[in-house]
Amino acid sequence: MVEYETRYKTIYDTVFVSLPAPNKKADIYVDTLRRYIGLKEATGSNDGFHVEKFTREACNMGQVAWCAAFVAYGLKVNDVDIPDCACWSPCMVAEDKVVWRRGDEHKLNKGEIFGLYFKNKGRVAHVGVVLEDFGDGWVLTIEGNTNDAGSREGNGVYTRLRHRSQIYVAARWV
């Protein structure tokens, strides 16, 4: 008999794998963020109609680094309560929401907010959202205020392929 990582049932010599139920809220959240892939700042100074909309609606702020505002905006427009500090990266990976830490073996789930730790800041200083964990060490993400090089001070919304070793922590909001 073949062994599978997930639960299975054998019926008439056919193996059916029981997959986890899809998280509809996570799908809707991710779909909201995907609409902005390719969006760029107006002048490269944390500005532009949509960028300012993210910071205004997520935390009532003006031109600030907006990676956290981007992920918080997606939550807010999907009726998820967000804290007043939502435009600050550490707030989006608050301890009571953490479901994964660097070194954990289980996969990251679609819609989880991940944080990158920056030693020079002494804290999580960039966040994004998991689109898919491929299980081979690589994770597809969507991030605001990044660029082709993966900077935390970028110029738009991009999908990125990040190695799990880069990710410090992940939190579940949906």
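Predicted model: local features only at pLDDT ≥ 70, side-chain atom pairs only at ≥ 80, totals over all residues.

Biologist: How many residues lie between strand 4 and strand 5 in their hairpin, and which residue in the turn has a positive phi?

Modeller: The hairpin of strand 4 and strand 5 has 4 residues between the strands, and the residue with a positive phi, of about 70°, is Gly122 in the turn. Residues are numbered from 1 along each chain as its sequence is written, and side-chain values use heavy atoms, with hydrogens and water left out.

Strand 4 covers residues 113-118 and pairs with strand 5 in the antiparallel sense over 6 bridges; strands are DSSP runs of E with at least two residues, helices are runs of H or I with at least four, and both are numbered from the N terminus. Two strands count as paired if DSSP finds at least two bridges between them. Within this pairing, Ile113 stands opposite Val129 of strand 5, and in strand 8 the bridge partner of Ile113 is Ala171. Strand 8 (residues 169-171) runs antiparallel to strand 4 and is joined to strand 4 by 3 bridges.

Strand 5 itself, residues 123-133, is mostly covered, with 9 of its 11 residues buried, where buried means under 20% relative accessible area, exposed means over 50%, and partly exposed lies in between (1.4 Å probe, protein chains only). Strand 5 also pairs in the antiparallel sense with strand 6 (residues 138-146), over 4 bridges, and Asp133 there stands opposite Val139 of strand 6. The hairpin of strand 5 and strand 6 has 4 residues between the strands, and Gly135 in this hairpin takes a positive phi near 80°. Asp136 is placed in the loop between strand 5 and strand 6, and it counts as exposed because its relative accessibility is 54%. The C-alpha atoms of Asp136 and Lys107 are separated by 9.7 Å, although the two residues are 29 apart along the chain.

These pairings belong to an open sheet of 6 strands in the order 3-8-4-5-6-7, with antiparallel pairing. Its edge strands, each of which pairs on one side only, are strand 3 (98-101) and strand 7 (156-163). From one strand to the next, the twist averages 35°.

Leu116 is buried, with a relative accessible area of 6%, and, leaving aside neighbours within four places in sequence, it is in contact with Arg123, Val124, Ala125, His126, Arg162, Gln166, Ile167 and Tyr168; contact here means heavy atoms within 4.5 Å. Leu116 and Ser165, which are 49 residues apart in sequence, are 9.8 Å apart in space, C-alpha to C-alpha.

Helix 1 (residues 24-34) lies across strand 4, strand 5 and strand 6 and runs at about 110° to strand 5, whereas helix 3 (residues 67-76) lies across strand 4, strand 5, strand 6 and strand 7 and runs at about 50° to strand 5. For such values, axes are lines fitted to C-alpha atoms, for helices over the stretch in contact, and angles run from 0 to 180 degrees between N-to-C directions. Helix 1 and helix 3 pack at an angle of about 125°, with their axes 9 Å apart, and they are therefore oblique to each other, given that angles under 35 degrees count as roughly parallel, over 145 as roughly antiparallel, 65 to 115 as roughly perpendicular and the rest as oblique. Where they pack, Tyr29, Thr32 and Leu33 of helix 1 meet Phe70, Val71, Gly74 and Leu75 of helix 3. The buried residues of helix 2 also pack against helix 3; in helix 2 (residues 49-59) these are Val51, Lys53, Phe54, Thr55, Ala58 and Cys59.

For the chain as a whole, the secondary structure comes to 4 helices and 8 strands, following the pattern β-β-α-α-α-α-β-β-β-β-β-β along the sequence. Of its 174 residues, 44% count as buried, and among contacts between residues at least 6 apart in sequence, 51% join residues at least 24 apart.
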